[in-house]
Amino acid sequence: MTVTVLAAENIEKSYHFGTRSLEVLKRINFSLKRGDSVAIMGPSGSGKSTLLQVLGTMLRPDRGTVAIGGRNVVDLSDDELSKVRRRELGFVFQKFNLLSTLTAIDNVAWPLMINGQDKASSLERARMLLERVGLSARTSHYPRQLSGGEQQRVAIARSLVARPSIVFADEPTGSLDTKTGTQILELLKETVSAEGSALLMVTHDVAAASYCNGRLNLRDGQQC
């Protein structure tokens, strides 16, 4: 039986500027099942990144519900949401967001260690994922010693280290050249699939979206 890992109902979100209000998301309904890979697409200003942040629990909606693993997370405390992100979700960003003072293997293992897992098993899991993304020879290198594509590979490994049910990717190839970006998209989809997770990716690029098996199209904050 296919498991629903994320379900959003009637999501609304506005930003307020003094007396003015900008409605960014309007009654969004969406669900994601284990094994799915879905691209969120739309023109600039359509609400793509805001929706990703809401679904990824980094931003609270004004109205609606977001259920992760069957649990509505909208009304959880900040501490509880932090635990959900650490244990249930993985994130891949355009700017990599690696810790400059840590080696590749320590960057990947870090989420497990802050969750209380022992160092030896954390490093073992990190080493396995770095091997899976083709960086077994670069485990002791610092981010400054890695190319952009290699840094993004480390970020992919880090996003999966805690065995999340969902990986959120925000323009993951935006800082990479076309050839490297293509390699990263193939690797991201293959690795997420191999780990049994679901993938939700924001992109403006039709070619990048083709690596996903579904799309959520937005225009002016609405599904279309």
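Analyst: Relative accessible area sorts residues into buried (under 20%), exposed (over 50%) and partly exposed (in between), using a 1.4 Å probe and protein chains only. The model is predicted: local features need pLDDT of at least 70, side-chain atom pairs count only at pLDDT 80 or more, and totals for chains, interfaces and linings use all residues. Numbering starts from 1 along each chain as its sequence is written, and side-chain values use heavy atoms, without hydrogens and water.

Start with helix α5, residues 148-160. It packs with helix α6, residues 178-194. Their axes are 10 Å apart, at an angle of about 15 degrees. The two helices are therefore roughly parallel (an angle under 35 degrees). From α5, the contact (heavy atoms within 4.5 Å) is made by Gly-149, Gln-152, Arg-153, Ile-156 and Leu-160. From α6 come Thr-180, Gln-183, Ile-184, Leu-187, Leu-188, Thr-191 and Val-192.

Now the loop between α5 and β7, a strand at 166-170. Arg-163 is found in this loop. Its phi is positive, about 55 degrees, although Arg-163 is not a glycine. Most residues other than glycine have a negative phi. Arg-163 counts as exposed because its relative accessibility is 58%.

Asn-97 gives a second case. This residue is not a glycine either, yet has a positive phi of about 55 degrees. Asn-97 is found in the loop between β6 (89-93) and α3 (104-114). Its relative accessibility is 44%, so Asn-97 counts as partly exposed.

Helices here are DSSP runs of H or I, at least four residues, and strands are runs of E, at least two, numbered from the N terminus.

Notes: Axes fitted to C-alpha atoms, helices over the stretch in contact; angles between N-to-C directions. Parallel < 35°, antiparallel > 145°, perpendicular 65-115°, else oblique.
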